[in-house]
Amino acid sequence: MTHLSMEALLGLREPGLEPGAATAREHLNQCPLCQAELDRLHQRVARLKALPPLRPGRDRWPETAARYKAERRRRRSRMAVLTGLATAASLAVVVGIGRMTQPASPTGEELHQTMERSQALENALSAYNPEGRVLDGRTARMAQELEDRIARVDRELEATELLPQEPPQDQLLQLWRERVGLLDALVDVHVTRASNAGL
Amino acid sequence: MPGTLLMDSSLLANAQTVVARARTGDPEALASLYRAFEVPVYNLARRICRTAEDAEDVLQETFFEVCRSIGRYREEGSLWGWVRTIAASKALMRIRRNKYRDTDELHDEFVGQRQEDTHLRMDLEAALERLSETSRAVVWLHDVEGYTHEEIASMMGKTPSFSKSQLARAHARLRVWLGEEGTL
């Protein structure tokens with residue numbers, strides 16, 4: 001007598017009608033050996049389902065969160081740069097008009113330079129590609145803390161964009177300076193770590 | 001479903017609120033999602049991938065994707081079902097990358113040893129570990145997670161027949177390694 005193959009036995013467990021299932025079932029009804037084999041198959045699957053869960057050896061959330069925050073920051077930064085360029089253009093018009101009537105304020109020019117510095121640091125971080133690298137726990141925590149603080153500044157910058165009137169230049173300059181300082185520190189954390197580890 | 005049993009019940013009770021907050025990028029809500037699904041995602045990844053390091057990388061890749069894509073989750077299926085599909089895809093991507101290691105030579109050698117040393121009987125964990133990554137992935141996704149051969153084929157970029165034959169081959173091996181041979 002030809003017994004059922006493993007593929008045929010597995011086919012009997014499928015919800016739909018597999019090709020040859022009717023013949024296989026007919027054989028099964030008459031064959032105690034194949035019935036025992038199908039029972040063993042059911043038991044094996046039940047034992048697989050009952051295996052205890054395996055748990056990760058370490059917490060991967062800090063790295064995951066830092067990576068996600070960095071990506072969000074980059075997305076926000078691209079938006080902020082676009083909006084910032086528009087703001088800078090309108091400031092240039094205002095400053096230009098102002099120069100005709102009164103002494104020029106250095107704030108507009110400084111704001112523009114600070115935004116450019118911020119973009120240069122973003123580019124440096126992007127070139128270093130921190131998301132593609134594995135961070136040790138301490139570096140990941142420091143980077144995450146800085147990412148959190150940059151995200152907070154970005155939220156404040158976004159809030160100024162929603163104001164009905166143009167925000168005071170001093171306030172904008174202050175926020176952009178803070179952003180540059182934090183980005184500088186973030187580059188430092190990554191680059192220092194890389195040089196210490198010889199990467 | 002094993003994943004469901006491992007999930008944090010407080011998340012299940014507040015799933016809609018947590019998802020709504022996670023969509024705004026709320027760090028606490030995203031961390032809650034991670035804590036709720038960390039073990040089932042890692043378990044799935046570890047059952048499929050060869051090493052714990054690979055499984056931890058899959059865990060990180062999965063949650064990075066969850067954070068980025070939570071806005072696209074439409075709540076049509078269960079949250080765990082959505083997260084699990086991301087995890088399974090990432091794990092399969094990882095074994096495709098490691099494919100050079102995924103040969104059956106090791107396993108055939110092992111069968112040779114088994115035939116000489118017939119009193120040795122492996123436990124299920126060890127036998128599962130001995131399967132090739134592809135076979136193990138099919139066994140786990142089909143028999144434990146409940147995916148159909150069509151779904152597995154689609155995730156693997158193969159045919160349903162490939163999935164069926166991998167499953168049959170894997171069970172034939174497990175049967176021998178577990179010392180379950182009958183008279184067939």
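Predicted model: local features only at pLDDT ≥ 70, side-chain atom pairs only at ≥ 80, totals over all residues.
Trainee: What makes H3(A) a helix whose length agrees with expectation?

Mentor: The expected span is 1.5 Å times one less than the number of residues. For the 18 residues of H3(A) that gives 26 Å, and the end C-alpha atoms are 26 Å apart, so the two agree.

Trainee: Which residues of H3(A) are called buried, and why?

Mentor: They are A:Cys34, A:Glu37 and A:Leu41. The term applies because 20 or more other C-beta atoms lie within 10 Å of the C-beta atom of a buried residue.

Trainee: How do you know that the buried residues of H3(A) line one face?

Mentor: Seen down the helix axis, they fall within an arc of 55°, so they line one face of H3(A). An α-helix has 3.6 residues a turn, so residues three or four places apart point the same way.

Trainee: What is exposed on the other side of H3(A)?

Mentor: A:Pro32, A:Asp39, A:His42, A:Gln43 and A:Ala46 are exposed there.

Trainee: Against what do the buried residues of H3(A) pack?

Mentor: In chain A they pack against H1 and helix H2 (21-30), and in chain B against helix H11 (160-177).

Trainee: How many residues of each chain are in contact with the other?

Mentor: The contact involves 28 residues of chain A and 35 residues of chain B. On the chain A side, H1 (6-11), H3 (32-49) and H4 (61-101) each supply at least two residues. H3(A) gives the largest share, 10 residues. By class, that side of chain A has 14 nonpolar, three polar and 11 charged residues.

Trainee: Which residues of the largest nonpolar core touch the most other members?

Mentor: Of its 76 residues, these are B:Leu33, B:Ala45, B:Ala87 and B:Ala91. Helix H4 (residues 27-48) of chain B gives the most to this core, 12 residues. Leaving out residues up to four places away in sequence, B:Ala87 touches B:Val41, B:Leu44, B:Ala45, B:Val58 and B:Thr62.

Key: Residues numbered from 1 in each chain as written. Chains lettered and ligands numbered in written order. Contact = placed C-beta atoms within 7 Å. Helix = DSSP H or I, 4+ residues; strand = E, 2+ residues; numbered from the N terminus. Nonpolar A, V, L, I, M, F, W, Y, C, P; charged D, E, K, R; others polar. Core = buried A, V, L, I, M, F, W, Y, C linked by C-beta atoms within 7 Å. Buried ≥ 20, exposed ≤ 12 C-beta atoms within 10 Å, placed from the backbone. Arc of directions from axis to C-beta.
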